[in-house]
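Please look over the aromatic side chains of this model before reading on. The points below are meant for someone who has not seen the structure before.

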Amino acid sequence: MKKLFIAATIALFGFTANAQEEQTFGFANGDVIVEGNLGYNNVNDKNTEEKTNEFSINPKAGYFVSDDLAVGIELSYNSATQDVAGTETADFSAFGAGVFARYYFLDLGSRFTTYSELGLGFASAENKIADVKSNGFGAGLGLGINYFVKENIAINFGLTDVLSYNTSKVDADGAESVSQFNANLNVFNNFFQTAQFGLTFKF
């Protein structure tokens, strides 16, 4: 009986180990990912009677055309309001849409995957207090890491706009476009100020 119990225990541990080994992390051709970042900030300074509300959301979805390359679309929405001593001083909103291509180039162990991402997008913004609208176009190159907490769920750390180019124009007579190029090469020195954190779901 004792030998039978030991044999059964060994078999059980062997089955558990095999089940764990069968778990696969990472991505493959045909996978679909859905991810996003969500942010909210509220400040109520009673010393200056200043109240600020900021909200942002950035959902995206992609399809793997190979084991290492995903292409997809993304949307973004940002809003910010400010009130000083009961008077509204700022009311800003922006909406954006774009496409991206993401290339996974290095696996760090079984659960970490690293990638670079190129994005192209269009954005429209409005400042209701100043009654000013603007439209713009942008392109950006970033880096990121996925950490798989489960086979189909990963935490995403994205360093956006390591290199970026943006151009925008205010919707007003006589207004000229404004262009800007950024090479934010010191992102690793202030990682937690530049990184975006979110969740990635794999289907």
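1. The model is predicted, so to speak with care, local features need pLDDT of at least 70 and side-chain atom pairs count only at pLDDT 80 or more, while totals for chains, interfaces and linings use all residues. Residues are numbered from 1 along each chain as its sequence is written, and side-chain values use heavy atoms, with hydrogens and water left out.

2. Rings of Phe, Tyr and Trp (its six-membered ring) pair if their centres lie within 6.5 Å, and planes under 30 degrees apart count as stacked, over 60 as edge-to-face and the rest as tilted. The count by this rule is nine aromatic pairs.

3. Phe27 and Phe64 form a stacked pair, with 4.8 Å centre to centre and 15 degrees between the planes. Phe27 lies in the loop between α1 (2-21) and β1 (32-45) and Phe64 in strand β2 (residues 50-64), so the pair ties together parts that are 37 residues apart in sequence; helices (H or I, at least four residues) and strands (E, at least two) are DSSP runs, numbered from the N terminus.

4. Phe27 is buried at 14% relative accessibility, and Phe64 is buried at 0%, where buried means under 20% relative accessible area, exposed over 50% and partly exposed in between (1.4 Å probe, protein chains only).

5. Ring pairs join Phe25, Phe27, Phe64, Tyr104, Tyr115 and Phe148 into a cluster. Arg102 lies over the face of Tyr115, at 4.1 Å from the ring centre, given that a charge sits over a ring if NZ of Lys or CZ of Arg is within 6 Å of the ring centre and within 35 degrees of the ring normal.
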